[in-house]
Amino acid sequence: MFAFSEASETRIEKIIAKYPEGRKVSALLPLLTLAQAQEGYITPEAMVEIGKRLDVSPAYVESVCTFYTMYYTKPVGKYVVKFCINISCHLNGCDNLMEYTERKLGIKEGETTSDKKFTLLKEECLAACCEAPVMQINNKYHVNMTPEKIDQVLESCK
């Protein structure tokens, strides 16, 4: 069973109060964000709890959760490494950089290192085309990436 923390409960009341009756489903994204901040990912139990609070089905909560790449439905590492794979990054070598990072971390895309430190993912677009190729770690952008820059950034995470 999932339960929000006491601090989250206070925030939930304020979040839901922002929306008029009949529109509280608009609080879905903020509640997903709170659940992920608490657990590190969105558990099935959290989806059920959020659905109850917003009067929507757990399936609806899951459909929204899985639509957005910022939400995780399984545990991730302390550092979530994302490579943009859109056209600008693709033309500037993101595939090679992803392969380099896979070898460096000893994992494939979608996996987490055994020490739970790094998760490696692809991201459709990180909206920094002018500075491609782009890598993001825990919402911090790293631009104009090269293997040397990847080494530096990963080392700074240790």
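## Terms and model

Buried means under 20% relative accessible area, exposed means over 50%, and partly exposed lies in between (1.4 Å probe, protein chains only). By that rule D55 counts as exposed, because its relative accessibility is 59%.

This is a predicted model: local features need pLDDT of at least 70, side-chain atom pairs count only at pLDDT 80 or more, and totals for chains, interfaces and linings use all residues. Residues are numbered from 1 along each chain as its sequence is written, and side-chain values use heavy atoms, with hydrogens and water left out.

Helices here are DSSP runs (H or I, at least four residues), numbered from the N terminus. In α4, the residues V61, V64 and C65 are buried. They sit on the same side of the helix, because they cover an arc of only 100° around the axis. That arc is taken from the directions from the helix axis to the C-beta atoms. The cover over the buried residues of α4 includes α2 (28-39) and α3 (44-54).

A59 and F67 are exposed on the other side of α4. F67 has 62% relative accessibility. Together with Y68 and M70, F67 makes a nonpolar surface patch of about 320 Å². Such a patch takes residues with over 30% relative accessible area and no salt bridge, and joins nonpolar side chains (Val, Leu, Ile, Met, Phe, Trp, Tyr) within 5 Å.

## Salt bridges

A salt bridge needs a side-chain nitrogen of Lys or Arg within 4 Å of a carboxyl oxygen of Asp or Glu. The count by this rule is five. In one of them, D55 pairs with K24, with the closest N and O atoms 3.2 Å apart. D55 lies in the loop between α3 and α4 and K24 in the loop between α1 (6-17) and α2, so the pair ties together parts that are 31 residues apart in sequence.

K104 forms a salt bridge with D151, again with a closest N and O distance of 3.2 Å. This pair links distant parts of the chain: K104 is in helix α6 and D151 in helix α7 (residues 147-156), 47 residues apart. Salt bridges that share partners join E9, E49 and R53 into one network. Within it, R53 and E49 have their closest N and O atoms 2.8 Å apart. Both lie in helix α3, four residues apart, about one turn of the helix.

## A buried charge without a partner

E102 is found in helix α6 (residues 94-105). E102 is buried yet has no salt bridge. The nearest side chain of opposite charge, K108, is 4.0 Å away.

Note on methods: Patches are made of residues with over 30% relative accessible area and no salt bridge: like charges are joined within 9 Å, nonpolar side chains (Val, Leu, Ile, Met, Phe, Trp, Tyr) within 5 Å. Accessible areas come from the Shrake-Rupley method with a 1.4 Å probe; for residues, only the protein chains shown count as cover. Helices (H or I, at least four residues) and strands (E, at least two) are DSSP runs, numbered from the N terminus. Lys and Arg count as positive and Asp and Glu as negative; His and the chain ends are not counted. Contact means heavy atoms within 4.5 Å.
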